[in-house]
Amino acid sequence: MFVSCNSGKRPSLIGETVYQQELNASYKDASKSPLKKNDLKDFKGLDFFKVDSTFIVNAKLTRIENSPIFEMPTTTERKPLYKEYGLLNFTLKGNDYELTVYQSQDDLRDEKYKDYLFVPFTDLTSGNESYGGGRYMDLKTTDIASDNTLLLNFNNTYNPYCAYNDKYSCPLTPRKNHLDLEVKAGVKAFKKH
């Protein structure tokens, strides 16, 4: 007879926040993880910058009316259709910044993702402490306040799947979405095993 010392509880997920725990859980799940088999085998959790509340800011959204639909360059030949949804203006570490927020035209046809907005960006950690191709932040149209502001939480930024596996096709961060400061928040560069 075998006696288990397991209490029946699942091991707690690694991460300081619910967002980090959920992201780690999805990456550990082989059915949806972007990780290669060798990386998944030893996966304990993604490496995050320490959560920093100074990287949670309110941004003023200025919508771009009648923005043309364009093909977003990716890491492969795939050219998904996007449009510029608006400009996000915010203050971070005492300086003013602007990022363009995009809307996938494919997502508009999917009930689950029709409210999603996409903010790719690079910063002074890109290529060193964070992934060189930049990181992504997801927002939703339903998060836009009545005064046209949105909460940006850089602690909840993540790497594109191609940072883990070159079989994925990921949108390239437009040059204009570079932040001239170190954003030490969110997911760090992935260290392969």
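Author: In this predicted model, contact means that heavy atoms lie within 4.5 Å.

Reader: Which residues does L179 touch, leaving out those up to four places away in sequence?

Author: Under that cut-off, L179 touches F90, Y97, E98, L99, F121, T122, D123, L124 and F154, where residues up to four places away in sequence are not counted. L179 is also listed, together with L88, F90, L139, L152 and F154, for having the most contacts inside the largest nonpolar core, a set of 24 residues. Among the elements that give two or more residues to this core are β1 (56–63), β4 (95–104) and β7 (149–153), while β3 gives the most, with four residues. Apart from this core lies another, of 19 residues, which includes L46, F48, Y102 and F118.

Reader: Why is V119 called buried?

Author: The relative accessible area of V119 is 1%, and buried means under 20%, so V119 is counted as buried. V119 has its place in strand β5, and, leaving aside neighbours within four places in sequence, V119 is in contact with L88, L99, T100, V101, R135, Y136, M137, L139 and N177. From V119 to Q103 there are 16 residues in sequence and 8.9 Å in space, taken from C-alpha to C-alpha.

Reader: What is the mean pLDDT of the protein, and where does pLDDT stay under 50?

Author: The mean pLDDT is 91, with 92% of the residues at 70 or more, on a scale of the predictor's confidence that runs from 0 to 100. Over residues 1–11, however, pLDDT stays under 50, and for these residues the model has zero contacts beyond four places in sequence.

How values were computed: Residues are numbered from 1 along each chain as its sequence is written. This is a predicted model: local features need pLDDT of at least 70, side-chain atom pairs count only at pLDDT 80 or more; totals for chains, interfaces and linings use all residues. Side-chain values use heavy atoms; hydrogens and water are left out. A nonpolar core is a set of buried Ala, Val, Leu, Ile, Met, Phe, Trp, Tyr and Cys residues joined through side-chain atoms within 4.5 Å. Buried means under 20% relative accessible area, exposed over 50%, partly exposed in between (1.4 Å probe, protein chains only).
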